[in-house]
Each structure stands twice: as structure tokens, then as C-alpha cells.
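Here's a walk through a two-part story: some spots inside the chains, then the places where pieces meet. Have the model open and follow along.

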Amino acid sequence: MLDFIQQLVSGIALGCVYGLIALGFVLIYKATEVVNFAQGDLMMMGGFFVFTFIGLLGLDYWLGFLFAVCGMAVFGMATERVLVRPILGYPQFSIVMATIGLGYFLRSIAGMIWGTDDLKIDTPFSNGVFKIGDLVLAHDKLSVIVATVILCAVLYAFFNYTRMGTAMRATSENMLAAYYMGIPVKRVVSLIWAISAAVAATAGVLLAPITFIHSNVGLALGLKAFPAAVLGGFGSIPGALVGGLIIGVIETLAGFYLPQGWKDVAPYIVLLVVLLVRPQGLFGPSMRKKV
Amino acid sequence: MRFIFKTDYDQDIRILKHSGYWWSYGILLAVLAALPFVVGSYLQSQVVFVLIYAIVGVALMILTGFTGQASLGHAAFLAIGAYTAAYLQKLGVPFIVYFPAAAILTGIVGAMVGFPALRLTGIYLVIATIAFAFIVEEILARWESVTHGNEGMRVRTLDIVGIPLPRDGEAFYFLCLFTLVGCILLALNLLRSPTGRAFIAIRDSETAGKSMGIDLAAYKVKSFAISAAITGLAGVLFAHKMTFISPEMFTLLLSIEFIMVIIIGGAFGVHGAVFGAIFIVMVDPFLTALKDDVPVLAAGIASSLGMASDAAGKLRDTMSSIGSAAGLKGAIYGLIIMMFILFEPYGLYGRWLKVKLFFQLFPLYKKATFKRQKTYVKSERNR
């Protein structure tokens, strides 16, 4: 039983990681209906940024964290301006391909700049553990869980209760109508990319002590976070968290209880089953066809 | 400029629209038939890969280009075709049997993927096909009694009724060429039949298609099955060309490469598949050649412009170290995808059509002919 709880807890920690990356997918999708396949690679870039600030320039952890997040926000805005804005409004699949291309590009550029070795940084969360009875929880994992929950709550409130959040939802619903209502659509879209890249950077910084920083970390985690976002229903912020938790817990438990090989496949099987029953994901709005 | 006066319906759906087609495609076929006797063995082998990629491109064109169903799982179909061939060949089944058998099996699997796809659109479909591809990859790695797991499988030399077709030989080249031509003819014939028109209607508007009486479910499954079956054929040829197959050859990256084939080629005509295949396969040797030649060339230019010889040598070394950096290929791949989507959305075939039209209309060509309508994003959620 203790084994089970321990596995469950580490599954939840893993799930929060996926949830945090999935949050980035969901934000961009929610505002612009663009699916950003390079989200994992933005996270990887965040990790490298923080390594540059803390590991190479020797800044304080929190200052480096702040700089990395701000730097990635600017980077996200630039990406939107250069790559996404010219093709916004064209078929969704071409935008998906463009972001896949961006992912390829970022991975190799990061590999060329920072090398292909695993990098690591010292953080205030490294090496500490938290104990409840026999249950052990490392501080770095706990920090991910806490950050994910806080970010989810803040962003949920932002989308539902602020003027800007409402403008973003309106933009996603119908861009033309949003223009007519006087919403600065271009600025909204830029901002959403900045927020999404900042969330990705946060994930990258928090993951730095757990997974280390290397150029392929984004692809591996992004490919798991993506089903999480779909499972929760693309476009739902709590959905991203729940989807991430489900994928994380299933993966961990399958790795523990099922024969080897199930660990990597189980999340996808669950995903396919859920999509068969509810094509719009768990928390997605029901889709209705209009002519 | 040629004007064709159409007087009956058959003229409208004819594959070879006018006598010019006989000439141009006849010459193309003659060149392709002469090719293996002219070029070296390396180039011939690259052309065989072009042909195999083009077969997959045609398959994806039917599914993505004409039915509008995105798929990032075609590497899995290729894998199923390849493994079926390898396994049946090991059991002693002749090529004439396992070639169609691989297509049929892959087609059945494709139809099975098509069923969940009925309810999924857009990004949900993409992720479902990715999930399917991962599951297939894992099955191939685990089902060791059939696939030998991660050790991979050797594929023996192809042999048709006792005549061996080594993978480097001309005969194998012609087999690939015949398969590609057959698949293209199949695709063209399909697209001018009611089935093909139903596919196009589904791509353009599901709602409109449905109200015209098109059975969406049946046609989507058909499209998946046909596309998968053709990819299965390509898989058999791929297995024989590689002579060794293992699960890690059929990853998501290969699926992305296949999608690149049709995006770079232009996802609106069968020509695009061939153009894209040529580009994708040839970009690799081209980059290798570039890596060797450009630094030397640049240093030569620099020294002829009056740069000191040691500085020019240094320039050459820096450039070749950049050129041989690991991962440069990925960066260039990424750039190519982004550039094509941003600046050449109709792909190479679109460029070809533009150039052709420019000369046909010579002084009167308008740029706006091919301008895409900019639309505002409308939510897919209630489309």
C-alpha cells in the first residue's frame, strides 16, 4: 500500500510537469486556435536561458529565474511576430507544421550553442526532501507541483475575470468579430504567446534540477504533454492540469505494475480510449456543427 | 496558350487532357527508363528512395491533400508493410503473394485507424494518429516472436518467381518505378471517380458534403484504408531496399518527413508528392556536398578579394566547423519547413504552375492569380 501511495505521489509530481507544459499549449490554443508543437522546445530554451544566467553568469537563482522568464516572454512574442502572424488564418495544419519546423530549428540551434551534454544548475530546491511518515517527496518535485497549481489558478482567474482575459476568449471565438468590438487582436495574440512562452520557461527552470537541461528534453516531454492537453480538452486550463495528472499517474503506475514497455504506451492507449468516447476531451466544450 | 474546347463530359475527366500530355509524360518516362543505365549506383539508389517516398507521398496526398484528414502516423503504416513483407518472406511466401498481402493488411489497419478518426477533427486527429504510431512502434519492439524486437529483422533479397532482384540492381529500380506509376494512375483514376469527388467534398466542407448525401463515415474510412494500403506497398519496397528493419527506423520523425514531402511538394495535386519526394531525399546529399564545397569556395573568393592566405584559411576552418556541427541538418530542415509554409504555401508544384502560367500568358501574368485569400480565424470548435 505504501508502494502504491509513493508511486501515486511521484505520478502526481510527473503529472504536474506535463500539466505545466500542457498549460502552454492550452493558452495559445485558447486564444488563437493555433497548436504550438514547439512548446516543449520553448521549455527547453527556458532551461538553457536559466543555465546561462545562473550557471554561466553566476546570478542569484531567483534573479536568473526572473530574467529567464522575461527573456522567454520576449522570445515568444518575437516568434509570434515572425512565424505565426503571417500565416494566422490559414489552415490549421500548416501552422502545426510551421511550429514543428520551429521545434526542429530550436533543438539544433540549442545543441549547437550550448553543446549536447547534460547541463545542471544548483537550485534552492535541489537535494532537499520532505517526509510524511514513510512517504518521501523531494523538494524539487514539490516545487513543480506547487508552481503548477498556482499558475493554473492565476491563469484561470486571468482568463475568466479580467478584461484582457475576456478579450482573449473573444478573439479565440471569432477573430473578425473581436476586431469589430475594438479588441486589439494583434496585441492580444502577441501577449498570449508571451505568456505561453513564459509558462514554458517556468516549467523549464523548475525541471532543470530534475531532468537536467539538454536539447532533446523538450521533444520528449512535449510529446507527453501534448496528449495531456488533448485528454483534458484542448482549450481548458483545469483540463490541462487534470489531463497532465492522469497521464503522469497512469505512466508511473503502468511502469510499476505492468510489464516493461507498457509505461510509454499506456498514456496513449488511455488517450485513444478517451477520444473514442469523448472526442472533445474531458473538459472540452461539446462540439456542435453549424452551417 | 492552348485552348481546349470541351464538348462532352469525358473530356473533362480525361487523365491526359491533350496531346501535349502524351509528349511530356512520354519523354519523362523515357528519361526515367534510361536513368539507371546512365547514372552511377549512388544516384540510382537515391532515385529509388525518391520513388519510395513518392509512393508514400501519393498515399498521403489522397488522405491529407484530398480528403483533408491530417495524419502524423504514416511511418507506422510503412512499418506494418515492411514487417509484413519481412515476416512472410521468412515463412517462404513468394513476393507475388506478400506484396499485395502487405497492402491488404496495412489497408485493414488503416481502416481501423479510420474508425476513431470519424469523430475527430483537426488537432485531435493529429494526436490520435501520433498515439497510434507510438503504439505500433512499441508493439514492434515487444512482439519478439514475430518482429525480433529491437534487434530488428534482416530482409532477404527480393525474388520474383526465382529471379532475384538485388536492391542495387536495375530490376529493383524498375519495380519501384512501376509501383509508383501504378499508384499515381490509381490515385488519378480514384480522384476522377465519384469516390474521389466525395473525398474532395469532405475536405472542402464536411457539412456541405453531408447535405449532398455523402456518407462521411464510409468515405473517411475508405480514404484511410486506401492511403494506408499504398503506404504498405511502399513499406515492402522500403524493407527490401534497406535489407534491415528495426522499430527505431519508423519514428515520429519519419512521419514528419512524409508530411514534409507533401507540404514542400504542394498538397493539392499528385505532382506535388513527386516534387516533394525529390526535394526531401535529395536535400541530404546536397547538404553533404555543400558542407565540403562551400568553405573551400568561400576561402577561395576571400583570398581572391585580397584577404591574406592565413586569414582565408582560418575562414575556411571556421566555416567547415560550423558546417560539420552536429544538428546543423535539423536546423536546416526546420528552416526549410518554416520558409515553405511562410513564403511558398503551394509548394514546389505551385511554383511550377506559376512559372508555367507566367510563360503561357507572358505579358499578362498577374501575381494575384495565386494569391491566397487571407481569412480571419474562425473557431473550429463550432464549425
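Let's say that two residues are in contact when heavy atoms lie within 4.5 Å. One thing to keep in mind is that this is a predicted model, where local features need pLDDT of at least 70 and side-chain atom pairs count only at pLDDT 80 or more, while totals for chains, interfaces and linings use all residues. As for bookkeeping, residues are numbered from 1 along each chain as its sequence is written, chains are lettered from A and ligands numbered from 1 in the order in which they are written, and side-chain values use heavy atoms, with hydrogens and water left out.

Start with B:Thr106, which sits in helix α5 (residues 95–117) of chain B. Helices here are DSSP runs of H or I with at least four residues, strands are runs of E with at least two, and both are numbered from the N terminus. Leave out residues up to four places away in sequence, and B:Thr106 touches B:Phe77, B:Ile80, B:Gly81, B:Ala228, B:Ala229 and B:Gly232. Is this threonine buried or exposed? B:Thr106 has a relative accessible area of 0%, so it is buried. The cut-offs are under 20% relative accessible area for buried, over 50% for exposed, and partly exposed in between, using a 1.4 Å probe and protein chains only.

Now hop over to B:Tyr333, in helix α15 (residues 328–343) of chain B. It counts as buried because its relative accessibility is 5%. Beyond its neighbours within four places in sequence, B:Tyr333 is in contact with B:Glu257, B:Met260, B:Ile280 and B:Val283, and also with A:Tyr104 from the other chain. Take B:Val283: it is 50 residues from B:Tyr333 in sequence, yet the C-alpha atoms are 9.0 Å apart.

Within chain A, look at helix α1 (residues 2–32) and helix α6 (residues 163–173), which pack at about 65 degrees with their axes 5 Å apart. The axes are lines fitted to C-alpha atoms, for helices over the stretch in contact, and angles run from 0 to 180 degrees between N-to-C directions. The pair is therefore roughly perpendicular, a label for angles of 65 to 115 degrees; under 35 is roughly parallel, over 145 roughly antiparallel and the rest oblique. On the α1(A) side the contact is made by A:Lys30, A:Ala31 and A:Thr32, and on the α6(A) side by A:Met168, A:Arg169, A:Thr171 and A:Ser172.

Back in chain B, two loop residues have a backbone worth a look. Most residues other than glycine have a negative phi. B:His148, in the loop between α7 (144–147) and β1 (153–154) of chain B, has a positive phi near 60 degrees. B:Thr243, between α11 (216–242) and β4 (244–245) of chain B, also has a positive phi, about 60 degrees. Both are partly exposed, with relative accessible areas of 32% for B:His148 and 24% for B:Thr243.
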